[in-house]
Amino acid sequence: MGRTLAEKVWDAHVVRRAEGEPDLLYIDLHLVHEVTSPQAFDGLRAAGRPVRRPDLTLATEDHNVPTFDIDKPIADPISRAQVEALRANAAEFGVPIYSLGSEEQGIVHVVGPQLGLTQPGMTVVCGDSHTSTHGAFGALAFGIGTSEVEHVLATQTLPLKPFKTMAIEIDGPLPSGVTAKDVILRVIAEIGTGGGQGYVLEYRGEAIRALSMEARMTICNMSIEAGARAGLIAPDETTFAYLEGRERAPQGEEWAAAVAYWRTLVTDDDAEFDTVVRIDAATLSPFVTWGTNPGQGVPLSASVPSPDDYADPVDADAARKALEYMGLEARTPMKQIPVDTVFIGSCTNGRIEDLRAAAEVFRGRSVAPGVQALVVPGSVRVRLAAEAEGLDKVFEAAGAEWRNAGCSMCLAMNADKVAPGKRSASTSNRNFEGRQGPGSRTHLVSPQVAAATAVVGRLASPADLDALVDA
Amino acid sequence: MEKFTVHTGRALPLRRSNVDTDQIIPAEYLKRITRHGFEDALFAAWRSDPSFVLNDPRYAGVTVLVAGPDFGTGSSREHAVWALQDYGFKVVLSSRFADIFRGNSGKGGLLTALVDQDVVERLWEAVEADPQLEVTVDLVERQVRAGDLVAPFEVDDYVRWRLLEGLDDIGLTLQHADEIAAFEAARPAFKPVTA
Ligand code: SF4
């Protein structure tokens, strides 16, 4: 029988397989950031162990770093301590690091791909759940805990138990105005936040094939919100074109050898998935969340659901609690919900294409009075690219704030927070209670919807702006 | 990791059930960036009460914790194991452990020995009557001995083997260093490096 893509990548990395033991998998790339690594380095130090392959390890600073005044010392003492610990550990163990101020600094999941470090068929890990982002290249990429970080640092391997495979087929072309973010929010609403548990998801079908690499990253990024450890997409010409010429991509003869291998990285026709989910692309539309988990989403054109809509009492209760926390009445049309804050950024939607899409909406328009709009590029390189295209000027002319690279308001570990009780439209990936600051209320949206929302002051799509002008 | 065969030490009677990991180490200590030095965080909230048993000078230097059922429930924080170890504990005896805590303990080298609740009760009485009483936890024989008490305990075979050999997960993997090196040597030249 044939094998799925995920199984092929797994099999190609088995260092050791023994009866009754998990497989020992080789790790091609280990990304490190300041929050989940200090204890791992401390463990190495205590045991007198070196980092086995510093040349397959890369550290960057992202979760804690400020997005303004980056030339000054980090004001928050805990953030500063974590960042300083990472710098000291990287120096002591010989791990390459891109610190604040470097042109390569940025969110770990933006940095890897833009350097061309993330390639098809690789195993990629990081002490961060959104490592699934790298699956967009046909890599097996997943988040790990701090003990596992230490394990990979010391051995460049991980003992792992096998997973199940799930195909997510998006049939047909995407309707215009529908983005990758809308696709993945719909997928999560459909299979639930636990639906992917124990699975690696493979996104397939015509709609997926037509997506850019950046859009594919947005989709794979949120696999974790569906409960899956990883999500991936088979590499194709789009993937190769993205990689060719990047700093860490293979060159010359090696490029040819690599591409020849990468072309084999597809699910065989006779392979079987443990589960198949099909979604007709024609039924997709801009999608937003109304509740406090990423599965609580509806089309932007719909209304806030009522707890009575749920047959399962657990879901009904979750809906009731979510409505209370979010300060929403059932049956309110989503487009009537006013917002205070708009955040465009994160490892989900902080890449150049996302910023272009947002800028397109902002061009010649202004942020509504009383709304704070924050645009935070995912990396310094994204920032420089945007500035070279003049996008920063578009944002500033519209009244949005243009910041330096980092995770920022996605998790509010730095100074960028949504105020208590305030409501945000955010292009990030988690709408958990308090995620964007204590008491914050989050609606997850695409960059296009975020920008249109900033302009209108209520949840809106770019199409609504045209309607406003026509009226 | 140090090998664990037979451990003898004095024991702390913790007459509580459902000791969750928030009690073992409160969340505020998780911001620290080291793997060691969590001894002050252990049971931090309870320790502010002078009558808490850990504050009793007769139990200074204990290495065996005898706790009520459902020890280690709640959050998966690995710091709970680190805090117990940093304080000096080598063994926790209980009649029921939370799964994740037990898994984390096995990884970190802290023995969680599962005994009947009746054994827990007898140990409590014995070490309360005589805080100097030595308790022996024999991993080879899977047996706990204290005064005239002799009782078996349960421990996962794989975890027992690892503790006896002194192998943490990393140590175990490094036993296969040759296989890792052989795999590395055969990796395609086009795979990227970070530096
Ligand atoms: S942007 Fe948000 S989700 Fe992504 S790595 Fe940073 S904190 Fe995590």
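Predicted model: local features only at pLDDT ≥ 70, side-chain atom pairs only at ≥ 80, totals over all residues.
Helices (H or I, at least four residues) and strands (E, at least two) are DSSP runs, numbered from the N terminus. The crossing of α2(A) and α3(A) is left-handed; that is, the near helix is turned anticlockwise from the far one by less than a right angle. From α2(A), the contact (heavy atoms within 4.5 Å) takes in P38(A), F41(A), L44(A) and R45(A). From α3(A) come L86(A), N89(A), E92(A) and F93(A). By class, 5 of these residues are nonpolar, 1 is polar and 2 are charged. Here Ala, Val, Leu, Ile, Met, Phe, Trp, Tyr, Cys and Pro count as nonpolar, Asp, Glu, Lys and Arg as charged, and the others, Gly among them, as polar.

Residues are numbered from 1 along each chain as its sequence is written, and chains are lettered from A and ligands numbered from 1 in the order in which they are written. Local features need pLDDT of at least 70, side-chain atom pairs count only at pLDDT 80 or more, and totals for chains, interfaces and linings use all residues, while side-chain values use heavy atoms, with hydrogens and water left out.

T442(A) belongs to strand β19 (residues 441–444) of chain A. Its relative accessible area is 0%, so T442(A) is buried (under 20%; exposed is over 50%, partly exposed in between; 1.4 Å probe, protein chains only). Leaving aside residues up to four places away in sequence, T442(A) touches several residues, including T289(A), M326(A), S424(A) and Q436(A). The side chains of T442(A) and Q436(A) are joined by a polar contact of 2.7 Å.

E206(A) lies in helix α7 (residues 206–209) of chain A. With a relative accessible area of 47%, E206(A) is partly exposed. It touches I170(A), G172(A) and P173(A), not counting residues up to four places away in sequence. E206(A) and Q436(A) are 230 residues apart along the chain, and their C-alpha atoms are separated by 35 Å.

Chain B has 8 helices and 7 strands. Its C-alpha atoms fill a box of roughly 70 × 40 × 25 Å, taken along the principal axes. Of the 195 residues of chain B, 51% count as buried.

Terms used. Polar contact = N/O pair within 3.5 Å; in protein donor to acceptor, adjacent residues only side chain to side chain.
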